[in-house]
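User: I would like to learn how to read charged side chains in a model. Please go through them step by step.

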Amino acid sequence: MTAVSPIFLLCVVLSLSSTVDSDCYASRYLRQGDREFEQKNKKFFEFNEQSNTWVEVELPYDLFSCINGACKVAYSIQEPITKIREGEEGVVVVSVEKDTLGKKGSSSYGILPVRKRISLRKMSEVSVWVTGESGSIYERFWNGLRWVIAPHELPLFAGYAVSVFMINHTILALSEAGQLYQMQLTEDSQPVWAEFVPEFDRGASRETVQLDSGVVSNDNERMYFCTKNGQLLELLGADHPRWANHGRPPGANVTAITDAASVRPGLLFTVSGAGDLYEYDPTTKPPWKKHIHQQGSVGEYSLASFKACIIHSLIGAHSVSLFLLTKNGELIERRMHQRKWKWVVHGNPKGHRLTSITCISRDETNENPNSLFVTTAAGFVFEYHIQNYPDRDLEERKWQNHNHPPYAKVATGKSGLQLQLGRMIFPLDDGRLAELHLSSLGGEKLGPNPPVSTRRKPSIKYVWSLLDAPETEGWNAEYCTEQSGPTNCILGTKDETGDIPVSRWRKDSKTQHYYLSPEADSNPNPGDQNDNVIPDKWDIKKLFRLRLMQEEKSFFLITENNVIFEYLNTENTWFWLRHEHSTGIEGAVGNYNGSLFVVDEDGSLLIRERSSSDLTWINCTALRRGKQVIAGPPWDGALGQAPRAKPEDSIFFVSKNGRLLQFTVALRKFKWKDCRNPPGVKIASIVDQEGFRGNIVFVVGQNGRLFQYNKVTELWHQHCQSQHLVLSRLPGTAMRSSMSSSKGSLFMLSEDGGLVEYKWSSMEGWNWIEHGPPDTTVVLVGAPGPCFGGNELFLIGSDGNVYLRYLDRGEWKWRDCGFPYTAYDETDEEDVIDRNCDSKVSNTRPIPFSDDSVIFELRDGRLGEMRRVEVGNWMWSRVIGTPSSLCVTNFWASWAM
């Protein structure tokens, strides 16, 4: 629903250029949405529901429009400034664009969410540590040959990491829970994380300290932290740590340390929750001093809790400038010159709100050596050329827009870091990194060695290079190895057996980095609306009729009349167990930790689980925000691998209206979440959930296109796909030979019944490969899979035969495995048994029963099992009678087969 309060705010405080009636209706302003308004008032008010009064707002003030959770700035109200003026305390306003005040579209940009766990830390010239939005820690390290990635994740009990530090060659990590951890080396030189608890003097309180953020001093000997309850702490050294609690400012708290002894040793600057700037100097009395504004001055701004950039000698040999951000997204300077402090307001780029500052070293070779890089709420990066003195002729050139990488926005509210002169790294909103560098002086291929000259020539411009992230963030970068070679974690060596040149690591494909905007709602192909039809119940039954529960011990079968049976092995005896429910069961759509997830004929998601010695049902759709579903993931993890429980474990489903639903199952803390759908496209089925790539759910839209959803960043991505290739609306299967490598493939069927492979490798990136059908007279039906060993894939043909697609010495081959042979197939007797028996394979999606066994459903309702003899050679081993089959074969005879 569109936000209402800004509309009523406009009604109260704005004087429109045209005459309006005294009554203020939202519909009137909606009808006049295309009209611009002229701002004439200087004071504006909003209604506070808690106090039931009107409260004056601080300017600038943005008016938001929110539709379905997607917010953007519709108007921006700012205080008009007609001249530069200096107050008694030295308030200087450099510039604010007057012609942008109140103009529609001047601040019309999408607002990105703040990624709270992302941080960057430069440990050395060859090492950059990153905390990702997933809460993991990894390092980008130059091994002498290439940049490699090494994992440094905190132990599971520590929770998510939010930042890392290095003090006196000791590495510390801060968790989201506010605890510190120190990296130590074991006796065999393996790094491990150990808890690092702040310990104060005996007289100090022993209450648990929860840290919120921290900064390291310039000499790397001290660290300063602000706690979650607003106190300032100091850590001196790490080998023999000494902690000190400096408390908080009188009547205020500490929410951010903006500078740690950069201006002068021992002098700190902090920001309070109210947005005030404080100075802490333990050598003076009192130690806390507040930097105030002149009452009613134009420079009275509330500061954001963010680290400042310090520039010395900006306007004189002994001047010091602290560049900060206001809560309204403007750049402001606290300047000391000739022992006098003053505020200088630098404003913001037209139509943009600033959210972070990236400090860079002074570049004496540049004609303008003083610059800052700022990130906006919309994910843009601007370079601000600092002017020593205000010059209105240079106003248009002081903000230089570097935009953002193609099809990816820069993470808002997060600073980048300078790798060297002319090279900066920024975190992206989608979980990756990007380097902004002078052309030919940076990127993935170039190490940290500084170039011969950093003097910027008119022809040299800044360009963006995308840097991949590891699987913890849902991306494809592989971790380094201990083996000798180009990807060694310490020292890279050329591979004499045929090393691939760096320039061929990955082919460029800009479309692979294109993320659909989550706030877009329109259908890009209006003519395809009729294709957005959810599969009917027949399709659901065929896709989710069989489900493995326990390898070689138990699986479930849903019959045509919606009855659920379990085939169970107890004390070497196989039998069918019927599970009763008041409503019919349509399909089995998931399995987690011994619990089966099924969908009934009403679309409700149910859990069948054992509680002590009893079996119980749980209706998940009846839970808060519960939804009706029609499909789930095709597989439940890899066979032979013990599942590792994580606090974010979830199962994804497809709703009846074609949206992706996330159902959290970890620790039985059940919770629904609507992940929506790609803009304008309903979801037909889930191709793979986190089997091919961690934290990624691949889906097929009703338009036959492939999409992916990143559950860490909650972003949708559409994969590049040729127009003639239209995928079927059926699930797929992932093939990945080793979890230590990101290399692998997704297998799906095309709309015309051919096999399609979507392959990833670090050298070639993504590639589509069309395998086609096994024969010109046969088309593939049902969903592909299962796959075994990363080189064998089962499929079902329209002729009722099973086909195997397998790799033989690097070459894909087909094998016709037929169908299980029984004595009834050749009889001519006209009895009931013969007419009801058909040993050909139906198009029901099969399931793996072990790492060398697969179960198929036959057309007569019985089941057939195949077992591997050798790679590429499988044989039918038995036919299993079922309670629903009218082909009355003897169970024990079928077992003997």
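User: How many salt bridges does a search of the whole structure find?

Analyst: Side chains of opposite charge can pair when their charged atoms come close. In this predicted model, the search finds 28 salt bridges. One of them joins Arg264 and Asp281, with the closest N and O atoms 3.1 Å apart. Arg264 is in the loop between β18 and β19, and Asp281 is in the loop between β20 and β21, 17 residues apart.

User: Is Asp281 buried or exposed?

Analyst: Buried means under 20% relative accessible area. Asp281 has 5%, so Asp281 counts as buried, whereas Arg264, at 37%, is partly exposed.

User: Which parts of the chain does the pair of Arg545 and Glu560 tie together?

Analyst: The two side chains meet in a salt bridge of 2.7 Å, N to O. Arg545 lies in the loop between α3 and β34 and Glu560 in the loop between β35 and β36, so parts 15 residues apart in sequence are tied together. Arg545 is buried at 5%, while Glu560 is partly exposed at 44%.

User: Where are Glu566 and Arg610?

Analyst: Glu566 is in strand β36 and Arg610 in strand β40, 44 residues apart. Their salt bridge has an N to O distance of 3.9 Å. Glu566 is buried, with a relative accessible area of 1%; Arg610 is exposed, with 52%.

User: Which residues are linked in a network of salt bridges?

Analyst: The network links Asp852, Glu865, Arg867 and Arg878.

User: Which residues form a positive surface patch?

Analyst: Arg624, Arg625, Lys627 and Lys671 form the patch. Of these, Lys627 lies in the loop between β41 and β42 and is partly exposed, with a relative accessible area of 36%.

Technical notes. Residues numbered from 1 in each chain as written. Predicted model: local features only at pLDDT ≥ 70, side-chain atom pairs only at ≥ 80, totals over all residues. Heavy atoms only, no water. Patch = residues over 30% accessible without salt bridge, like charges linked within 9 Å, V, L, I, M, F, W, Y side chains within 5 Å. Areas by Shrake-Rupley, 256 points an atom, 1.4 Å probe, with all protein chains shown as cover. Salt bridge = Lys/Arg side-chain N within 4 Å of Asp/Glu carboxyl O. Lys, Arg positive; Asp, Glu negative; His and termini not counted. Charge placed at Lys NZ, Arg CZ, Asp CG, Glu CD. Helix = DSSP H or I, 4+ residues; strand = E, 2+ residues; numbered from the N terminus. Buried < 20%, exposed > 50% of the residue type's maximum accessible area, 1.4 Å probe, protein only.
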